[in-house]
Every structure is written in structure tokens, then in C-alpha cells.
Amino acid sequence: MITGYVLGESLRAGAVFAPHGLRIRKVERVDNSASATAGQPDAWTFVEWETDDDGAAGSIAEALADALERSNGWYADFSVDDERVVVFAGQVFRYRRGDKAGRAEAVAYGRSVGTPEHQLDWEE
């Protein structure tokens, strides 16, 4: 099973994120004003999803990479087995949980595209 989430505000205008076989688990609006930075809204919409198709990780990552907004360093992440997948607009990182070099590469990329430091905190 693959589980993940995407922030509604991280999708670019006109984008559609609808990979085959995804199910919505929960949609939640959260006051994130304490963490939001300039250019980010104070409230975020978390769309939590899942799929039973472990082989769909690549297509899900590609769909996210195509749908995410480039500004503000928005990203989405998800787990599949013992792997983390971190997706920015046009860029996908996959590494085994606990792989410090793999995580560091994704974090460095996030910094380079403007992700606020305190938001580079995805779970392992």
C-alpha cells in the first residue's frame, strides 16, 4: 500500500492530480499561519490519499511532478515499502528510509528551489 498527501495549495492553477486507483482518505483544512512564509497562504488543505498498487509509485510521482506549483518550493512526499518519495515540480527523489545521503540530496534541492528550511521536515 502507498499512502501520501498533497496540499491543495501546492497544485498549480489548472493542474489535475488524478492517478488511476487513488482513494481519498481524508481532506483537512489546517491553520498553518505559524509556519507559512511570504507567498504561502495561512490555511492549507491536506488531501490524504492511498492506493493498493505498490507498482504505481512511479506514475504517482510523475503526476505530482507535473501538477505541483514551481514557486515557493512546494513538494509532496509519500512512502512505499521502505522507500521515501519526495516530489517537487519537475523533480522526483526516491531513497530508502534512513539513507542520509538520499535525504540530503532532496533537502538540498528543496533549498535551491525556495522551500523554507523549517518545511523540509518530511517523515522518514
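Visitor: Which residue in β6 is the bridge partner of E83?
Guide: In this predicted model, the bridge partner of E83 in β6 is R96. E83 itself is found in strand β5.

Visitor: And how do β5 and β6 pair, in the parallel or the antiparallel sense?
Guide: Strand β5, which covers residues 83-88, and strand β6, which covers residues 91-96, pair in the antiparallel sense, and six bridges join them. The two strands form a hairpin with two residues between them, and G90 in that turn has a positive phi of about 75°.

Visitor: Back to E83: is that residue buried or exposed?
Guide: E83 counts as buried because its relative accessible area is 18%, and the cut-off for buried is under 20%. If its neighbours within four places in sequence are left aside, E83 is in contact with F78, R94, Y95, R96 and R97, and R96 is the bridge partner mentioned above.

Visitor: Changing topic, how many aromatic pairs does the structure hold?
Guide: The structure holds ten aromatic pairs. One of them is formed by Y5 and F46, which are tilted, with 5.4 Å from centre to centre and 45° between the planes.

Visitor: Where do Y5 and F46 lie?
Guide: Y5 lies in strand β1 (residues 2-7) and F46 lies in strand β3 (residues 43-51), so this pair ties together parts that are 41 residues apart in sequence. Y5 counts as partly exposed, at 30% relative accessibility, and F46 is also partly exposed, with a relative accessible area of 24%.

Visitor: What about Y75 and F88, how is that pair arranged?
Guide: Y75 and F88 form a tilted aromatic pair, in which the centres are 5.6 Å apart and the planes stand at 50° to one another. Since Y75 lies in strand β4 (residues 75-80) and F88 in strand β5, the pair ties together parts that are 13 residues apart in sequence.

Visitor: Is Y75 buried or exposed, and what about F88?
Guide: Y75 counts as buried at 12% relative accessibility, and F88 counts as buried at 1%.

Visitor: Which residues form one aromatic cluster with those two?
Guide: Y75 and F88 form one aromatic cluster together with F93, Y109 and W122.

Visitor: Now the largest pocket: how much space lies in it?
Guide: About 550 Å³ of space lies in the largest pocket. The pocket is lined by 30 residues, and the closest to its centre are Y5, F46, Y75, D77 and W122.

Visitor: Which strands supply the lining?
Guide: At least two residues of the lining come from each of β1, β2 (23-31), β3 and β4, and β3 gives the largest share, with five residues.

Visitor: How do the lining residues divide into nonpolar, polar and charged?
Guide: The lining of the largest pocket divides into ten nonpolar, ten polar and ten charged residues.

Visitor: One more, where is the place of Q40?
Guide: Q40 has its place in the loop between β2 and β3, and at 8% relative accessibility Q40 counts as buried.

Visitor: What is Q40 in contact with, leaving aside its neighbours within four places in sequence?
Guide: With those neighbours left aside, Q40 is in contact with S35, N72, W74, P116 and Q119.

Visitor: And what separates Q40 from Y109?
Guide: Their C-alpha atoms are separated by 19 Å, and Q40 and Y109 are 69 residues apart along the chain.

Notes
Residues numbered from 1 in each chain as written. Predicted model: local features only at pLDDT ≥ 70, side-chain atom pairs only at ≥ 80, totals over all residues. Heavy atoms only, no water. Pairing = 2+ DSSP bridges. Helix = DSSP H or I, 4+ residues; strand = E, 2+ residues; numbered from the N terminus. Phe/Tyr/Trp six-rings, centres within 6.5 Å; stacked < 30°, edge-to-face > 60°. Buried < 20%, exposed > 50% of the residue type's maximum accessible area, 1.4 Å probe, protein only. 1 Å grid on protein atoms, 1.4 Å probe; cavity = no way out; pocket = protein on both sides within 12 Å on 5 of 7 lines; lining within 4 Å. Points joined across faces, edges and corners; volume = space filled by probe spheres on them. Nonpolar A, V, L, I, M, F, W, Y, C, P; charged D, E, K, R; others polar. Contact = heavy atoms within 4.5 Å.
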